[in-house]
Amino acid sequence: MRLMNYILGLIMLVLATVFFITANSFKVSTQVDLGPSFFPKLVSIIIILLSITLIVTTASDRKLNQTIGELFEKYELVKVGSVILLLIIYNLLLVSIGFILATILFMFVSLRLLNKKKWSITIPVPILATGIIYYCFNTLLNVQLPSGFW
């Protein structure tokens, strides 16, 4: 597990550094102080700090390594992989079937996958959350979300 933490920390450190350097190439508008590179740079800095923290804590704390090892047992890694696969499928379906239907399906399957067995949670939560998100983006922020084939 220690080796995996070192490898993951280094990979994320390199990727975040590349993203930060790439964000520097974004054209900056003179009218806006922050510009389009602000958020990618912010996220890159956060990932860099978290990567360094992972590497340092892996090197210094054996109890933490045991706790992390318990969290990422084989069964949990299957769940994480399944959610990543669901995210990829969600991204592919988003344009074709639209935000509302794709998001409801993604949230429903994710909740079922993560052992939320109660139907009283897995049915209304995706519908309500999707409705709130759609209302906020479409009405309050005036941002058009993918509508799909309809």
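Trainee: Before we start, what should I know about the model and its numbering?

Mentor: The model is predicted, so local features need pLDDT of at least 70 and side-chain atom pairs count only at pLDDT 80 or more, while totals for chains, interfaces and linings use all residues. Residues are numbered from 1 along each chain as its sequence is written, and side-chain values use heavy atoms, with hydrogens and water left out.

Trainee: How many helices and strands are there in the protein?

Mentor: The protein has 7 helices and 0 strands, giving the pattern α-α-α-α-α-α-α along the sequence. Helices (H or I, at least four residues) and strands (E, at least two) are DSSP runs, numbered from the N terminus.

Trainee: Why is Thr 103 called buried?

Mentor: Buried means under 20% relative accessible area, exposed means over 50%, and partly exposed is in between (1.4 Å probe, protein chains only). Thr 103 has a relative accessible area of 5%, so Thr 103 is buried. Thr 103 is found in helix α5, residues 99-113. Of the 150 residues of the protein, 20% count as buried.

Trainee: What makes the link between Thr 103 and Tyr 90 a polar contact?

Mentor: A polar contact is a pair of N or O atoms within 3.5 Å; within protein, one must be able to donate a hydrogen and the other to accept it, and residues adjacent in sequence count only if both atoms are side-chain atoms. The side chains of Thr 103 and Tyr 90 are joined by such a contact at 2.8 Å.

Trainee: Which residues does Thr 103 touch?

Mentor: Leaving out residues up to four places away in sequence, Thr 103 touches Tyr 90 and Thr 130. Contact means heavy atoms within 4.5 Å.

Trainee: Which residues make up the largest nonpolar core?

Mentor: The core has 9 residues in all: Leu 86, Tyr 90, Leu 94, Ile 97, Phe 99, Ala 102, Phe 106, Met 107 and Leu 145. Helices α4 (74-97) and α5 each supply at least two residues of this core.

Trainee: How do you know whether the length of α5 agrees with what a helix should span?

Mentor: The expected span of a helix is 1.5 Å times one less than its number of residues. The 15 residues of α5 should therefore span 21 Å, and the end C-alpha atoms are 21 Å apart, which agrees.

Trainee: Which residues of α5 are buried?

Mentor: They are Phe 99, Ala 102, Thr 103, Phe 106, Met 107, Ser 110 and Leu 111. These residues cover an arc of only 150 degrees around the axis, so they sit on the same side of α5. The arc is that of the directions from the helix axis to the C-beta atoms.

Trainee: Is Phe 108 buried, exposed or partly exposed, and why?

Mentor: Phe 108 is also found in helix α5. Its relative accessibility is 27%, so Phe 108 counts as partly exposed. Not counting residues up to four places away in sequence, Phe 108 touches Trp 119, Thr 122, Ile 123 and Pro 126.

Trainee: What makes Leu 8 partly exposed?

Mentor: Leu 8, in helix α1 (residues 2-23), is partly exposed because its relative accessible area is 43%. The C-alpha atoms of Leu 8 and Ser 51 are 7.9 Å apart in space, although the two are 43 residues apart in sequence.

Trainee: How do you know that Asn 142 is exposed?

Mentor: Asn 142 has a relative accessible area of 68%, so Asn 142 is exposed. Asn 142 lies in the segment after α7.

Trainee: What about phi at Asn 142?

Mentor: Phi of Asn 142 is near 55 degrees, a positive value in a residue other than glycine. Most residues other than glycine have a negative phi. Asn 115, which follows α5, also has a positive phi, near 70 degrees.

Trainee: Which residues does the UniProt annotation "transmembrane region" cover?

Mentor: The unreviewed UniProt entry gives residues 6-26, 38-60, 80-109 and 121-141. UniProt positions are given in the numbering used here, feature names are shortened, and annotations may be inferred rather than shown by experiment. In the model, residues 121-141 are 90% helix and 0% strand, with end C-alpha atoms 28 Å apart.

Notes
Core = buried A, V, L, I, M, F, W, Y, C linked by side-chain atoms within 4.5 Å.
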